[in-house]
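Here are my notes on this one, strands first, then the cavity and the charged pairs. Have the coordinates open while you read.

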Amino acid sequence: MKKVLVLFVVALLMVGFTNAQTSKIKIGVGPNIALPLGSLGDVTSIGFGVLAQGEYDLAPQIVGTVTVGYLSFSGKSVNGVDQGSWSVVPILVGGKYFFTPNVYGALQIGLNMVSYTAKVPYVTSYAPLTFGYRDETFSSSEFGFNIGVGYEMKPFDFLVKYGTFGSGTGNISLTALYKFSL
C-alpha cells in the first residue's frame with residue numbers, strides 16, 4: 001500500500017511539473033522607464049515606475065494581456081518656477097501578436113488614474129499679509145493607449161512602446177519584465 005501511495009504522489013508531482021511548463025497563464029513584473037514627449041516633456045523629466053502584467057495564451061501567436069503599474073514623472077524648473085510632478089496608475093488590457101517566436105507587436109488600451117501635484121502661490125486674507133506656496137494635487141481618470149514592439153527572451157520580456165495617458169501626454173518607454181508561469 002505504501003508503494004502505491006508513493007507512486008501516486010510521484011505521478012501527481014510529475015503531472016504538476018508538466019502542467020507548470022505548459023501553462024497558458026504567465027505573470028511578469030519589472031521596471032518601466034519613460035521619456036516624456038511634447039508638452040509633457042516641456043514640464044517633466046524622465047519617468048520611472050514598475051509594472052505587473054498578466055498574460056494568457058489565446059492562440060499559438062496571440063497573447064492577451066492585463067497590465068497595472070505605477071509611473072512617476074518629476075517636474076522641471078522653468079524660469080525658477082517648479083512645474084510640479086505627475087504620477088500615473090495605468091490599468092490596461094490588450095494583446096501581443098508574435099511575428100516570430102521571439103519578436104512581437106503589442107497594443108494596449110485602458111484607464112489611467114493621473115495625479116498632478118504643483119506648488120500654488122497663496123496670500124493670506126488677514127493681517128499681516130503673508131505670501132508663500134503650498135502643494136495642490138489635481139486628479140483625473142484618463143483614457144490611454146500603448147503601441148509597441150517587443151522581444152521575448154525567456155524568462156525576460158523587453159518592450160519599447162509609445163503611449164499616452166491623456167491629452168498631450170505622449171511618452172516613449174522601455175519595460176523589462178521578468179516572467180514566470182502559474
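Predicted model: local features only at pLDDT ≥ 70, side-chain atom pairs only at ≥ 80, totals over all residues.

1. A word on terms before anything else: helices (H or I, at least four residues) and strands (E, at least two) are DSSP runs, numbered from the N terminus. Residues are numbered from 1 along each chain as its sequence is written, and side-chain values use heavy atoms, with hydrogens and water left out.

2. Strands E7 (residues 103-123) and E8 (residues 131-153) run antiparallel and share 21 bridges; Tyr104, for one, has Gly150 of E8 as its bridge partner. On to E9 (residues 156-164): E8 and E9 are antiparallel too, with nine bridges, and Tyr151 is partnered by Phe158 in E9. The hairpin from E8 to E9 goes through two residues.

3. Is Thr164 buried or exposed? Buried, at 15% relative accessible area, where buried means under 20%, exposed over 50%, and partly exposed in between (1.4 Å probe, protein chains only). Tyr162 counts as partly exposed at 33%. Leaving out residues up to four places away in sequence, the contacts (heavy atoms within 4.5 Å) of Tyr162 include Leu37, Ile147 and Ile172, while those of Thr164 include Asn112, Gly144 and Thr169. Tyr162 and Ile147 are 15 residues apart in sequence, with their C-alpha atoms 5.5 Å apart.

4. Now the voids. On a 1 Å grid over the protein atoms alone, a cavity is a set of points where a 1.4 Å probe fits but cannot get out, and lining residues have an atom within 4 Å of a point.

5. What lines the largest cavity? There are 18 residues, with Asn32, Leu71, Pro90, Leu92 and Asn146 nearest its centre. E9 gives the largest share, four residues. By class the lining has eight nonpolar, nine polar and one charged residues (Ala, Val, Leu, Ile, Met, Phe, Trp, Tyr, Cys and Pro count as nonpolar, Asp, Glu, Lys and Arg as charged, the others, Gly among them, as polar).

6. Charged pairs deserve a look. There are seven salt bridges, meaning a side-chain nitrogen of Lys or Arg within 4 Å of a carboxyl oxygen of Asp or Glu. One of them is Lys96 with Asp157, at 2.7 Å between the closest N and O atoms. Lys96 is in E6 and Asp157 in E9, so the pair ties together parts 61 residues apart in sequence. Lys96 is buried at 4% relative accessibility, and Asp157 is buried at 1%.

7. Glu55 and Lys179 form another salt bridge, at 2.9 Å. This pair links strand E2 to strand E10, 124 residues apart. Glu55 is buried at 4% and Lys179 at 9%.

Terms used
Pairing = 2+ DSSP bridges. 1 Å grid on protein atoms, 1.4 Å probe; cavity = no way out; pocket = protein on both sides within 12 Å on 5 of 7 lines; lining within 4 Å.
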